[in-house]
Amino acid sequence: MTGPDSEWQLLNGGTLVGTITVDEAGMPWQRGHFFPEPAFSQFRPWFDELNAILEADEFERFDDAYDRIEGALTLVSPTGPVADFLLHIDQNRACFRWDAGPPTG
């Protein structure tokens, strides 16, 4: 389903928020270049907050902060939407893992 140079999309409803081009394919984490679309500007503060939480080792705050992302965005693999995912975006880099089952949302 994924490998180097595969493209993944990040959507909010039917709006493209950004594209990830995988350049490090491994399990469980995939890493790649993140190409934001204008719609990403409304979500960037959420990812910045997650990065700050991780840097401060305030892991007890992570789930509540991440729930917004998971509720608003869909990660789409080259073969279609994934069920659950964990996504970090820092500057122009993305790191993610996913569950290949049917979407739960």
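Leaving aside neighbours within four places in sequence, which residues is His88 in contact with? In this predicted model, His88 is in contact with Trp29, Phe47, Leu54, Phe62, Arg93, Ala94 and Cys95, where contact means heavy atoms within 4.5 Å. His88 is found in strand β6 (residues 85-90); helices (H or I, at least four residues) and strands (E, at least two) are DSSP runs, numbered from the N terminus.

Residues are numbered from 1 along each chain as its sequence is written, and side-chain values use heavy atoms, with hydrogens and water left out. As the model is predicted, local features need pLDDT of at least 70 and side-chain atom pairs count only at pLDDT 80 or more, while totals for chains, interfaces and linings use all residues.

**The sheet**

- Seven strands form an open sheet in the order β5-β4-β1-β2-β3-β7-β6, with antiparallel pairing; two strands pair if DSSP finds at least two bridges between them.
- The edge strands are β5 (80-81) and β6, each of which pairs on one side only.
- Helix α1 packs on the sheet and touches β3 and β6, and its direction makes about 90 degrees with that of β6.
- Helix α2 also packs on the sheet, where it touches β1, β4 (74-77) and β6; the direction of α2 makes about 100 degrees with that of β6.
- Axes are lines fitted to C-alpha atoms, for helices over the stretch in contact, and angles run from 0 to 180 degrees between N-to-C directions.

**Hairpins**

- Strands β1 (residues 7-12) and β2 (residues 15-25) run antiparallel and are joined by six bridges.
- Within this pairing, Gln9 stands opposite Thr19 of β2, and Leu11 stands opposite Leu16 of β2.
- The hairpin of β1 and β2 has two residues between the strands, and Gly13 there takes a positive phi near 65 degrees.
- Strand β2 pairs with β3 (residues 30-36) in the antiparallel sense over seven bridges, and Ile20 has Phe34 of β3 as its bridge partner.
- Four residues lie between β2 and β3 in the hairpin that they form.

**The helix pair**

- The axes of α1 (residues 44-55) and α2 (residues 62-72) come within 10 Å and cross at roughly 155 degrees.
- That angle makes α1 roughly antiparallel to α2, since angles under 35 degrees count as roughly parallel, over 145 as roughly antiparallel, 65 to 115 as roughly perpendicular and the rest as oblique.
- The contact is made by Trp46, Phe47, Glu49, Leu50, Ile53 and Leu54 of α1, together with Phe62, Ala65, Tyr66, Arg68, Ile69 and Ala72 of α2.
- These contact residues divide into 10 nonpolar, no polar and two charged; Ala, Val, Leu, Ile, Met, Phe, Trp, Tyr, Cys and Pro count as nonpolar, Asp, Glu, Lys and Arg as charged, and the others, Gly among them, as polar.

**Burial and backbone geometry**

- His88 is buried, with a relative accessible area of 17%; buried means under 20% relative accessible area, exposed over 50%, and partly exposed in between (1.4 Å probe, protein chains only).
- Most residues other than glycine have a negative phi, and most peptide bonds are trans.
- Asp57, in the loop between α1 and α2, has a positive phi near 55 degrees and counts as exposed at 52% relative accessibility.
- Gln91, in the loop between β6 and β7 (93-98), has a positive phi of about 60 degrees and counts as exposed at 63% relative accessibility.
- A cis peptide bond with omega of about 5 degrees joins Met27 and Pro28; Pro28 is found in the loop between β2 and β3.
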